[in-house]
Amino acid sequence: SQIKQVEFVKSSAKPKDCPKDALPEFAILGRSNVGKSSLINALVRKKEVVLTSKKPGKTQLINHFLVNKNWYIVDLPGYGFANAPESTRMDWSSFTKGYFLNRETLVAVLLLVDASIPPRKIDLDCANWLGRNNIPMTFVFTKCDKMKASKGIRPDENIKNFQEIIRENYREPPPWIMTSSVTGLGRDELLLHMSQLRNY
Ligand code: GTP
Ligand code: MG
């Protein structure tokens with residue numbers, strides 16, 4: 001399940017511009033600043049594959065990365081800009097929805113959730129939208145290295161709260177994986193998980 005090679009293929013402004021070679025793909029989705037681009041870099045073990053930034057909203061296109069020449073990781077624009085009023089709303093463009101509803105080669109969505117802050121309504125709205133539309137997803141908790149670091153914030157409590165909400169909302173809760181792009185936590189688990197889903 002290891003990544004031997006990765007190449008950036010293209011950025012698409014519309015779902016219909018995405019690669020048409022029918023290879024399986026995983027979409028990386030989550031709030032702006034949750035760590036989507038960092039996670040991709042960590043999976044690939046390269047700093048410079050995807051641009052990361054402290055400024056939210058950096059990723060504005062559908063970006064396809066070809067892994068081992070036989071599957072894709074897709075970096076998507078973040079939703080709910082961290083410091084804007086929109087952060088309480090799920091205001092996806094029809095473009096993002098169109099991608100999820102029409103991309104036949106999509107194996108699963110990796111829905112990233114920041115473990116270092118309490119659960120956000122927008123993440124649940126997003127999970128519920130995917131669930132209602134029968135789009136397979138895995139919850140990926142990010143920034144789990146911040147476990148002890150910050151004052152008053154208890155990521156283990158955040159994660160527990162989030163898992164409880166998930167359990168209440170789903171008869172069969174989606175899988176979840178703890179990760180950190182800083183320490184590499186969860187990297188191998190996530191790669192194995194994706195290889196199992198691809199071969200399913
Ligand atoms: P957009 O493209 O704007 O939607 O953001 P993004 O989700 O791609 O986030 P990005 O990977 O650019 O990371 C945002 C910030 O969080 C950066 O300052 C990262 O260094 C930091 N960050 C990302 N992952 C981790 C992590 O696992 N641990 C810690 N401590 N910081 C992280
Ligand atoms: Mg990004």
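1. Helices (H or I, at least four residues) and strands (E, at least two) are DSSP runs, numbered from the N terminus.

2. Some housekeeping before going on. This is a predicted model, in which local features need pLDDT of at least 70 and side-chain atom pairs count only at pLDDT 80 or more, while totals for chains, interfaces and linings use all residues. Residues are numbered from 1 along each chain as its sequence is written, and chains are lettered from A and ligands numbered from 1 in the order in which they are written.

3. Now the overall picture. The protein has 5 helices and 7 strands, and from the N terminus on these elements run β-β-α-β-β-α-β-α-β-α-β-α. Of its 200 residues, 32% are buried. A residue is called buried if 20 or more other C-beta atoms lie within 10 Å of its own, exposed if 12 or fewer, and partly exposed in between, with C-beta atoms placed from the backbone. Among contacts between residues at least 6 apart in sequence, 75% join residues at least 24 apart. A contact means that the two C-beta atoms, placed from the backbone, lie within 7 Å.

4. Strand 3 (residues 62–67) is mostly covered, with 5 of its 6 residues buried.

5. Most residues other than glycine have a negative phi. Asn68 is not a glycine, yet has a positive phi of about 50 degrees; this residue belongs to the hairpin of strand 3 and strand 4, which has 3 residues between the strands. Asn68 is exposed, with 12 other C-beta atoms within 10 Å. Ala22, also not a glycine, has a positive phi of about 65 degrees and sits in the loop between strand 1 and strand 2. With 8 C-beta neighbours inside 10 Å, Ala22 counts as exposed.

6. The largest nonpolar core has 37 residues, of which Ile28, Leu110, Leu111 and Leu112 touch the most other members. Such a core is a set of buried Ala, Val, Leu, Ile, Met, Phe, Trp, Tyr and Cys residues joined through C-beta atoms within 7 Å. Strand 5 (residues 106–114) gives the largest share of this core, 6 residues. Beyond its neighbours within four places in sequence, Ile28 has contacts that include Leu39, Ile40, Ile73, Val74, Leu110 and Leu112.

7. Helix 1 is mostly covered, with 7 of its 9 residues buried; among them are Lys36, Ser37 and Ser38. Its buried residues are covered by elements including strand 2, strand 3, strand 4, strand 5, strand 6 and helix 5. Just after helix 1, Arg45 takes a positive phi of about 60 degrees.

8. Which residues of helix 5 are buried? They are Arg187, Leu190 and Met194. Seen down the axis of helix 5, the buried residues fall within an arc of 70 degrees, so they line one face of the helix; the arc is that of the directions from the helix axis to the C-beta atoms. Among the elements covering them are strand 2 (25–30), helix 1 (36–44), strand 6 (137–142) and strand 7 (176–178). The face turned away from the buried side of helix 5 carries the exposed residues Asp188 and Gln196.

Note on methods:
Two strands pair if DSSP finds at least two bridges between them.
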